[in-house]
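Hello,

Here is the structure we spoke about. Please look it over, then read the notes below.

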Amino acid sequence: MDDTLSRRSLITGAAATAGSLLASPSRASDPAITEIQPWNQELGSPVDAAPYGMPSQHEADTVRRNVEWLTADTTSSINFTPLHRLEGIITPNGLCFERHHSGVADVDPAKHRLMVNGLVDKPLVFTMEDLQRFPRENKIYFLECAANSGMEWRGAQLNGCQFTHGMVHCVMYTGVSLRTVLAEAGVKATGKWVMPEGADAAAMTRSIPMEKALDDCMIAFAMNGEALRPEQGYPLRLVVPGWEGNMWVKWLRRLEVGDMPWHHREETSKYTDLMADGKARRFTWEMDVKSVITNPSPQAPVTHGKGHTVLSGLAWSGRGTIKRVDVSTDGGRNWVTARLDGPSHGKALHRFYHEFDWDGGELLLQSRAIDSDGNVQPTKDALRAVRGTESIYHNNGIQTWHVRRGGEVENVEVG
Ligand code: MTE
Ligand code: CO
């Protein structure tokens, strides 16, 4: 059964009945129409009331949220992007999820330096001003924490896409390509790895293969047109497009070029995917093709009753663009192709829609993304068959939302 309500049938249907399908004629007596509202009678606030603007007071629900039991304290912790309250593909700066190992560093840009050392011809130290004299580039990329959806490996757990999928954000970065900065110092032939280090108390260090460093990595100082937010690494962060979030070192202060990764010196157990047989997958840096329906979802139930309904969601892949998203309303038995809308950038979020006529019955909503590389988002069961349930990282399984008759939505698993 094709449950899509085409634009044509919507228009002809509307013409056949007295008014619009989507608005009620009885609203002529609606007090919102007949009464004059206060904001129509009183002067509004002056232009100097908010030198840095904030959203409407009626949008107070559109905030990052954390899960109390998830971490011991809120300093070495995480909060989540309210995906169910957002449109398009760009995450507003104040709503980008945060992940810190030692809290938000408060860095004075005048005293911030970026050092490039190790296996280079000439070690260099840059000020922020120095860096801003290199040619700049503007790119839109998603950042996803490897642990996104990590609490869902053993079964449906958290009730809301903010919590199941909200460790992702997508902004436009402005900065300098890492290639340019490395070329300035001159990488020696033996230099095979770049090891970025943060200026926070965690002095976070990661290892990036030289091939990736010279490909599309950036040293960014701005996001969505303004300086980076402190939470996102002000004044400087590394951008590692399509790769897991932990490599995107914030408050970036040093790039050491080496012949082997830090992993070999310091750590072997972190950021690996533990599998059922006790072996661990390592160097799983690329983020797999993934999608989620953001509306309806547990925090965004259907409140308008049956009839014309807009389903909306996000899809992304660390390997390129999104070619297609399929949507099912019956738990994966039947699929229809969703409508992609908005710009399609590689390694960025993509927005999809599926307009349908809800009969008021129960639904099991799913979305399945396919990327430009041909990778298809797997079911959770297919993923578990390969990886087991011991990992917390790289869960890109298909999410199911159960829509009840009343329109409430719950996180479930099927079959
Ligand atoms: N960089 C530093 N210096 N310190 C950190 O704790 N956390 C990493 C990464 N870079 C971290 C860091 C992790 S695990 C992730 S997922 C991303 O930053 C989160 O980026 P965001 O806070 O901008 O969302
Ligand atoms: Co992370």
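**Ligand 1 and its contacts**

A polar backbone atom of Phe97 sits 2.7 Å from an oxygen atom of ligand 1. Keep in mind that this is a predicted model. Side chains also reach the ligand. Arg237 places a polar side-chain atom 2.7 Å from an oxygen atom of ligand 1. For Gln232, a polar side-chain atom is 3.0 Å from an oxygen atom of ligand 1. How much of ligand 1 does the protein bury? The protein buries 100% of the 530 Å² that ligand 1 exposes when taken alone.

There are 21 residues around ligand 1. Those that come nearest are Phe97, His101, Asp200, Arg237 and Lys250. By class, the shell around ligand 1 holds eight nonpolar, seven polar and six charged residues.

**Cavities**

How many cavities of 30 Å³ or more are there? The count is two. My notes cover the second largest cavity, with about 50 Å³ of space.

Its lining runs as follows:

- Leu83, Leu86, Glu87, Gly88, Ile89, Ile90 and Thr91 are among the residues that line the second largest cavity.
- Leu314, Leu349 and Arg351 also line the second largest cavity.

The lining of the second largest cavity divides into six nonpolar, two polar and two charged residues. Which domains supply the lining of the second largest cavity? Domain 1 (78-282) and domain 2 (290-412) each give at least three residues to the lining.

Please start with the Phe97, Arg237 and Gln232 contacts to ligand 1. Then turn to the cavity lining.

Best wishes

Key
Residues numbered from 1 in each chain as written. Chains lettered and ligands numbered in written order. Predicted model: local features only at pLDDT ≥ 70, side-chain atom pairs only at ≥ 80, totals over all residues. Heavy atoms only, no water. 1 Å grid on protein atoms, 1.4 Å probe; cavity = no way out; pocket = protein on both sides within 12 Å on 5 of 7 lines; lining within 4 Å. Points joined across faces, edges and corners; volume = space filled by probe spheres on them. Nonpolar A, V, L, I, M, F, W, Y, C, P; charged D, E, K, R; others polar. Domains from an automatic or database assignment. Near = heavy atom within 4 Å. Polar contact = N/O pair within 3.5 Å; in protein donor to acceptor, adjacent residues only side chain to side chain. Areas by Shrake-Rupley, 256 points an atom, 1.4 Å probe, with all protein chains shown as cover.
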